[in-house]
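Dear colleague,

Please find below the structure that I am handing over to you. My notes on what was found in it follow.

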Amino acid sequence: MSESLKSGIEQFKDNIFGLKDSLTKSYLRAGKPTSDMSRAALMVNNFFLHIQGAKTHINTLRPAYTLGMGLIAFYLFIITCVSGALVMIFYNPSIEHAYSTVKDINYVVFAGRLMRNVHKWSGEGMIVFVLLHMARVLYTNSYKRGREFNWLIGIVLLVLTFVLNLTGYMLPWDQLSYWALVIVSNIIQSPKELTDILGLTKFVDIGGIQKEFFLAGTVPGAATLNRVYFLHIMLLPIIITTFIGVHFWRIRKDGGLTVPDNFNSSCNVDCGNLVVLPKKTGGIFTTNKTYGLMTMSKGVTPAVDRDVENTVLSWPNLAIAEAAVFVLCLAAVIVYSIFVDAPLKEAANALIPENPAKAPWYFLGLQEMVSYSAFMGSIVIPMLSVLGLALIPYLDRDQSDVGIWFSGSAGKKVAIKTLIVGSVCLIGMLAFVVNFGWFRNWWPSIAQIWIILINPANLWLLFVCAWSIWIIKSTGSTRMGAIALFTMFLVSYLILTYVGTELRGPNWEFFWSKAQWPIH
Amino acid sequence: MSSTGEKTEIGRRDFLGVSAIVAGAIAMLSVVAGALRLTKSNVYYEQSQKFKIGRPENFPAGTKVKLDEKKVFIFSENSGLYAISSICTHLGCIVSQTDSGFLCPCHGSRYDGIGNVVGGPAPRALPWLEISLHEDGNLVVDASKEVKSGTMFLI
Amino acid sequence: MQSRFYASLLLISALILLAFVSYAGLRELNPEWKTYQKEYKRLFFNNAVTPDMKKKAAEYTVGIRQIYIKDLNRVDRCDNCHVGVENPLMAKEKVPYRQHSGTYLKDHPVTKFGCTICHLGQGNATNKKEAHAEGHDTYWDYPILPLKHIQSSCTQCHNMDFLSKHGADVIIEGEKLFNEKGCKGCHKLSGNGGVLGKALDGVGSQPIHYFPMRYVEGERTQPSWLKQHFEDPRKVVPESVMKVKLTPEEADKLTTYILSIRTYDPPKIYRRINEEPIVAKDGHALYNMYCVACHEDGKLSAFDENLKGTIPAIENPAFLMNADDRFIEMVVKEGRKGTPMTSWQLSSAGLTDEEIKKIVSYVALQRGHESSKPVSVNLKTGDKDAGKEIFNVRCALCHGEKGQGGLGLNLANQIIKKADDQYLFKTIRDGRATTPMPPFGSTGLGLTDQQIVNVISYIKAF
């Protein structure tokens with residue numbers, strides 16, 4: 001009643017002095033996170049946190065299980081976006097000024113060189129960590145039990161990551177950008193190889209139409225730069241952000257991260273440092289509950305001294321883990337960027353090609369295959385590979401051993417066997433081709449169709465498929481086939497990328513190291 | 001486990017947690033500060049604010065020059081040289097010279113012959129700019145440095 | 001209330017982040033140019049004598065600056081390190097504090113011209129290595145121009161007439177060499193010149209990668225390439241057929257001239273090129289400009305290893321006695337297909353009829369007063385088959401079985417078909433004194449007049 005006795009001015013005065021409390025209250029509706037209740041409420045009520053559950057399974061917090069790969073990839077994305085926005089302030093997307101504004105970022109912007117490096121390396125780091133995250137999900141058998149669709153979203157994100165990196169590579173308008181654009185536009189044009197053979201080019205030149213659409217011309221120019229810029233800073237970021245949102249939302253919908261069926265409290269010992277186990281008294285989620293007998297049913301009962309299904313509160317357990325990984329990530333990117341500069345070559349010159357004109361490293365595996373047939377190496381085989389990866393959850397429907405690395409020791413053996421066989425065979429094949437060449441070296445007048453149909457890249461793809469099917473046959477498990485297929489993919493990507501990056505020199509000839517490259 | 005033992009355990013954890021969060025916050029603040037500093041341009045793509053106008057002997061007493069590109073008037077009298085900015089102090093339009101002084105076309109500010117406001121919305125007089133002699137013997141006007149009205153540069 | 005593992009991770013990461021962000025920040029705050037500016041300030045203050053100057057020196061602020069010249073579309077940041085270029089008090093200091101030499105800056109104020117318009121290098125850069133752009137790892141197309149070639153920049157705005165009056169001796173002599181060594185005999189420039197070599201338009205502003213640097217010794221820059229190429233063309237480009245070899249001094253001068261041939265023209269307000277009075281060149285000058293590279297003084301007929309052919313001695317009196325001006329003019333105009341001799345008329349190598357006439361009359365100066373007696377030749381009586389037999393025995397060794405040339409000249413071309421019968425007849429009959437071509441006539445190797453006519457009819461049918 002005393003409230004009503006206060007005059008309006010006094011109330012106003014109280015409101016002003018009470019601003020701090022009332023602002024906090026309006027922000028943290030359930031009060032400060034001091035109790036289990038308010039901690040849970042904090043997670044649920046916050047827009048950015050609510051995509052995660054109020055409680056998190058202990059297994060999710062084990063670094064040895066997730067390795068934090070997906071989270072790191074996401075953080076790298078955030079870092080890329082922020083650093084990208086910062087360099088964008090100075091960048092001018094015109095062929096007259098693009099190069100000199102990038103130079104300015106390097107020379108006269110405070111920490112500009114560092115920021116450009118951060119943007120470059122966090123972007124390329126995304127590729128590495130998206131692939132590693134994918135490997136983690138595959139090897140822990142985590143693409144099952146409703147998560148099949150999220151695996152597909154993940155594949156889309158992988159492709160988007162590649163394209164975002166590639167479009168960024170083209171923006172500085174230096175020699176690297178220009179000749180990467182030339183190569184990419186000709187890859188886009190490469191269906192012409194097939195339509196030429198079939199004699200369809202004069203009716204419908206798919207490759208040519210695609211190329212001219214992408215370049216807005218026949219050679220890279222001002223209009224191309226505009227298009228690539230639009231893709232890089234607007235269209236692709238919007239798309240990838242949307243898909244990341246869907247990816248996270250699906251994780252929640254699919255029941256969080258995978259957990260082994262037999263996950264038990266034995267983790268308690270080695271998890272002691274990772275999480276704070278709930279207090280045994282008080283709170284709403286503790287085990288300090290009273291049980292009344294409601295009904296008799298068969299099944300496993302939760303251990304009485306454990307929290308519901310081995311979970312802990314997300315705040316602060318998950319929150320501090322995520323904060324730690326973010327700061328670690330940022331620190332790592334900045335340290336790397338201080339010591340390694342992003343490349344910037346001479347201004348674009350349409351008359352003087354780079355030799356070798358290499359694509360960015362993450363596409364050099366493709367370029368190694370492109371060196372046999374542009375159409376197969378850069379369109380058909382990558383498409384088949386992505387398709388093959390995408391179909392893994394649908395072709396391997398064995399629902400057991402979810403959440404266990406390699407699904408146990410058998411899977412580990414398959415993975416190691418595949419690693420060895422794949423490396424030896426692939427290196428052997430590449431060594432053969434480097435030493436003896438291929439059809440065109442033996443029969444110079446051979447028709448292109450034979451090279452399109454039979455080239456080392458195709459043979460390798462066939463071998464990978466055959467190997468995976470043989471594994472399925474010999475182990476009797478589709479899960480082992482999935483492990484074999486994916487391991488082969490990783491081995492191929494790594495070895496081909498290494499060969500393309502380090503062992504190929506001018507005129508795409510073989511060199512043991514860059515030091516042996518002739519001067520030109 | 002005794003209750004005191006548990007307390008120190010939690011105390012130690014709290015200290016670690018608090019210091020970790022504080023360190024994280026400071027580190028993030030330093031990153032943000034650097035990023036904000038980055039957004040400020042260090043160099044401007046403009047003509048230099050400081051420019052040479054030639055040797056003193058090119059300005060005999062009685063000279064009145066308007067340097068359009070530099071937005072400045074140069075006057076030479078027996079008592080010395082002075083430079084008056086041609087940028088209106090109201091909203092930055094360029095004033096033109098009239099018989100009685102200067103007139104701004106945008107909002108009608110009027111100034112007398114030495115730049116004092118005599119009418120219109122202009123809040124203050126047209127600034128007099130610093131003139132100095134460069135090491136190489138040329139006169140230099142620095143449009144970024146204002147001097148007191150009536151300050152003559154003696155040749 | 002946090003887990004020990006993640007709290008420790010957060011703490012350690014945060015400390016690493018803080019340490020390296022501080023390191024990066026300190027590095028940003030202390031760039032290379034700052035030390036130069038601080039030292040400049042000290043020197044300025046020490047050298048200042050008058051209190052006014054001392055005050056100015058004390059007021060000098062250290063900070064990044066740039067010369068932005070909109071009209072030239074250039075940004076130069078050289079004066080962040082070369083701080084004293086405009087300060088006479090710094091005349092005796094060391095580079096980079098020293099005042100610019102000479103009185104160039106008086107006429108070319110830094111605020112209007114900047115630095116790189118003359119000196120090249122990377123104006124944007126703010127550290128020495130990348131600004132001077134020396135070395136391939138700086139990835140800049142135009143490394144700083146060595147001072148000995150600096151005059152190559154003057155021609156952007158000044159003509160040779162002006163430069164010769166203002167002591168630009170290097171480039172003047174370079175141009176003289178260019179004109180007298182017959183460069184245009186093989187290289188096209190501004191529309192005229194031969195086609196054996198690359199056209200030279202804009203060669204002075206070609207990026208480094210335009211020049212194959214594989215065999216270049218020392219610094220791999222445009223000037224080194226040009227210089228070494230002039231000293232020994234085949235050392236730098238093994239497949240080159242270029243004949244000229246210069247002494248190192250000459251090579252330097254010619255390099256300066258060649259570097260002045262740029263594509264980029266400064267805006268009109270910068271240029272001080274008055275329409276150069278076109279001094280009509282006389283026949284001798286034209287001969288030097290276009291012919292001398294291959295024909296040299298024209299006295300000697302010699303087999304050229306690189307061109308794989310014999311270069312005819314066009315000043316040989318024996319040749320001139322038989323060939324009239326009309327024929328020589330035709331050869332110059334139409335060239336000789338199948339040989340390096342190009343067509344020089346306006347539509348090809350770009351010489352006007354008048355110029356060709358001048359060259360021809362210069363060449364004809366060596367013709368003796370006595371002209372050979374006309375002979376009557378009737379080709380209709382020629383027997384091609386008989387001519388072939390004689391040709392294969394007597395001529396093919398030098399001229400090739402199909403007349404394609406070898407030690408002897410190429411005969412299978414339009415010019416021979418169009419050539420005057422009398423000329424061919426006399427040439428075969430009397431041979432070419434001082435060349436390997438012997439007289440085949442009755443007084444020489446014993447062919448009858450009829451046999452010679454047979455051979456001519458065979459040659460004309462190639």
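**Contacts between domains and between chains**

In this predicted model, the C-alpha centres of domain 1 and domain 2 of chain A are 25 Å apart. The domain assignment places residues 34-291 and 304-354 of chain A in domain 1, and residues 359-520 in domain 2.

I begin with the boundary between these two domains. On the side of domain 1 of chain A, 37 residues are in contact with 41 residues of domain 2 of chain A. About 3600 Å² is buried between the two domains of chain A, and carbon and sulfur atoms account for 70% of that area. Within domain 1 of chain A, the residues that lose the most area to domain 2 are A:Tyr139, A:Lys144 and A:Glu193, which together make up 19% of what that side buries.

A:Lys144 also takes part in a salt bridge with A:Asp396, with 2.8 Å between the closest N and O atoms. The count between the two domains of chain A is one salt bridge, along with 23 residue pairs in polar contact, both residues being at pLDDT 80 or more. Five helices of chain A each supply at least two residues to the side of domain 1 that touches domain 2: H5 (63-66), H8 (112-139), H9 (148-169), H10 (175-189) and H11 (191-198). By class, that side of domain 1 of chain A consists of 25 nonpolar, five polar and seven charged residues.

I turn next to the interface of chain A and chain C. Here 39 residues of chain A are in contact with 37 residues of chain C. The two chains bury about 3600 Å² between them, with 68% of it on carbon and sulfur atoms.

Two salt bridges are found across the interface of chain A and chain C; one of the salt bridges joins the side chains of A:Arg113 and C:Glu130, at 3.3 Å from N to O. Nine residue pairs, both at pLDDT 80 or more, are in polar contact across the interface of chain A and chain C. Helices H7 (98-107), H8 and H15 (314-339) of chain A each give two or more residues to the side that touches chain C. H15 of chain A provides the largest share of that side, 13 residues. The side of chain A that touches chain C has 29 nonpolar, four polar and six charged residues.

Finally, one residue of chain C may be of interest. C:Asn454 lies in helix H21 (residues 449-460) of chain C. C:Asn454 counts as buried because its relative accessible area is 7%, under the 20% cut-off. Leaving aside residues up to four places away in sequence, C:Asn454 touches C:Thr381, C:Gly382, C:Asp383, C:Ala386 and C:Gly387.

With kind regards

Methods:
Residues are numbered from 1 along each chain as its sequence is written. Chains are lettered from A and ligands numbered from 1 in the order in which they are written. Side-chain values use heavy atoms; hydrogens and water are left out. Domain bounds come from an automatic or database domain assignment. Contact means heavy atoms within 4.5 Å. Buried area is the accessible area (1.4 Å probe) that two parts lose on being put together, summed over both. A salt bridge is a side-chain nitrogen of Lys or Arg within 4 Å of a carboxyl oxygen of Asp or Glu. A polar contact is a pair of N or O atoms within 3.5 Å; within protein, one must be able to donate a hydrogen and the other to accept it, and residues adjacent in sequence count only if both atoms are side-chain atoms. Helices (H or I, at least four residues) and strands (E, at least two) are DSSP runs, numbered from the N terminus. Ala, Val, Leu, Ile, Met, Phe, Trp, Tyr, Cys and Pro count as nonpolar, Asp, Glu, Lys and Arg as charged, and the others, Gly among them, as polar. Buried means under 20% relative accessible area, exposed over 50%, partly exposed in between (1.4 Å probe, protein chains only).
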